Amino acid sequence: MIQTTAVVVGAGHAGLAMSRRLTERSIDHVVLERGEVANSWRTQRWPSLTLLTPNWQTRLPGHDYAGDDPDGFMPVADVVATITLYASLVGAPVCTGTGAHTVRAAPAGFQIRANDDLLRARAVVLATGACNLPAIPAAACAVPASITTLSPLTYRDPGQLPDGGVLVVGASATGVQLAAEIHRSGRPVTLAVGEHVRLPRSYRGRDIFWWMQATGLLAERYDQVDDLTRARHLPSPQLTGTPQATMTDLNTLAAQGVRIVGRLGRIVDGVAQFSGSLANVCVLADLKMNRFLNRADEWATASGLDGELPPPHRFAPTRVDPRTPLELDLTSGEITTVLWATGFRPDHSWLDIPVLDRTGHIRHDGGVVTGAPGLYVLGMPVLRTRASTYIHGAGADSAALAGHLHSFLSSSTRASRSTRGLTKKDAPS
Ligand SMILES: Cc1cc2nc3c(=O)[nH]c(=O)nc-3n(C[C@H](O)[C@H](O)[C@H](O)COP(=O)(O)OP(=O)(O)OC[C@H]3O[C@@H](n4cnc5c(N)ncnc54)[C@H](O)[C@@H]3O)c2cc1C
């Protein structure tokens, strides 16, 4: 049995940020990682992926971006290199190739089974990521067997697809990026679009993430967000990190030749049925984008920046073809691949502690897991602020949770000392 004060599970950027915070507080710990450092980026992302957040924002506690392209966007290989470098800079005690197979409550803490080892720890930080599994709708079961189906976790590049048309389901960051890439490879692409977040890549000469930071949007706290459940499940914005900083909205994709259809509802007898609400969801997405741009303009005026920035403007509304088909026969041979870009979900199935809600998500209050003192979770969307969804959000989140963990350790030490004192005093002689 290995005894340590804290165990961090997962050596992505979030687990490593936490490791640094624990080291700062002299809390002894180990980081368990089932693969290598930055395993998700090495094994679960497609090679052409670039971050949609600009380089200047890819910062971790004690480590800012220092390259010569702060406004550029990191390819996945650079993300791996950055996180790997960070692990060595902070001297994180990572045990690679060591999966946590169970975590369960034990007297005064937790027992963790990792490979063949048993560990005891007073606190555990779950930093295993929010995107371990693809979230695939039930309709997937009805896709004809002749069709190749992929998720973003199994997609590598267009070369792996059979010839023929591709139905990409989902039009958030992943869906629009992959629809554009597959279309460029010469395959006809149909993109099924449900609720989505439309944002321009840049506005008034500044990247949209600059505006999100400047206006305070990213700093909004989880306990001040109107509908937290909704915020935590919001689709990622239709953005791509390309060197040209181009837009990847539906107008752009349609102009390139991608066929846009409504949300995929059901597949009946091999026929995919799309919602007729496409025009409505696009109007809503335009409305929300303009609401944010209004907020940006108000902030710029209030900050006295109007003179320095190009004038405000608005983007063309999303064009929806009134002849958009509502059905697509998947047995006709037109479509040979369906790519489910319908989101991701975490995998906490290996936790042997009753802290999951009925959808499999951990119940927590800003990362402090509900009903399991000493258990923490990091790296979830809108964990403590809207920035938590992105890499740089781990900085403030890990600081806050390390502070909580430190107080928890101190108070549980005091409690156990006073219990021991009481026991001695009260013990019959
Ligand atoms: C397609 C995609 C694009 C994204 N683009 C951006 C972007 O542009 N900008 C941005 O800021 N964010 C982006 N994100 C979001 C976010 O940064 C990632 O989800 C990020 O990987 C989360 O970091 P993490 O450290 O919490 O989790 P991960 O990076 O997933 O790390 C978790 C680690 O835990 C390990 N692990 C899991 N289970 C166990 C176990 N039981 N035992 C031991 N180890 C385990 C995994 O192997 C992995 O190494 C993107 C996410 C995705 C999916």
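1. A polar contact is taken here as a pair of N or O atoms within 3.5 Å. The model under review is predicted. In it, a backbone N or O atom of A14 lies 3.0 Å from an oxygen atom of the ligand, inside that cut-off.

2. For S40, a polar side-chain atom is placed 2.6 Å from a ligand oxygen atom. For H13, the separation between a side-chain N or O atom and an oxygen atom of the ligand is 3.1 Å. On its own the ligand has 980 Å² of accessible area, and the protein covers 93% of this.

3. The shell around the ligand contains 30 residues, of which E33, S40, L52, T53 and I391 come nearest.

4. As to composition, the shell is made up of 15 nonpolar, 12 polar and three charged residues.

5. Regarding secondary structure, α1 (13-24) and α2 (39-43) each contribute at least two residues to the shell. The largest share, three residues, is supplied by α2.

6. A disulfide is a covalent bond between the sulfur atoms of two cysteines. The structure holds zero disulfides. C141 counts as exposed because its relative accessibility is 74%, above the 50% limit. C131, at 29%, counts as partly exposed, because this value lies between the limits of 20% and 50%.

Technical notes. Residues are numbered from 1 along each chain as its sequence is written. This is a predicted model: local features need pLDDT of at least 70, side-chain atom pairs count only at pLDDT 80 or more; totals for chains, interfaces and linings use all residues. Side-chain values use heavy atoms; hydrogens and water are left out. A residue is near a molecule or strand if one of its heavy atoms lies within 4 Å of it. A polar contact is a pair of N or O atoms within 3.5 Å; within protein, one must be able to donate a hydrogen and the other to accept it, and residues adjacent in sequence count only if both atoms are side-chain atoms. Accessible areas come from the Shrake-Rupley method with a 1.4 Å probe; for residues, only the protein chains shown count as cover. Helices (H or I, at least four residues) and strands (E, at least two) are DSSP runs, numbered from the N terminus. Ala, Val, Leu, Ile, Met, Phe, Trp, Tyr, Cys and Pro count as nonpolar, Asp, Glu, Lys and Arg as charged, and the others, Gly among them, as polar. A disulfide is a pair of cysteine sulfur atoms within 2.5 Å. Buried means under 20% relative accessible area, exposed over 50%, partly exposed in between (1.4 Å probe, protein chains only).
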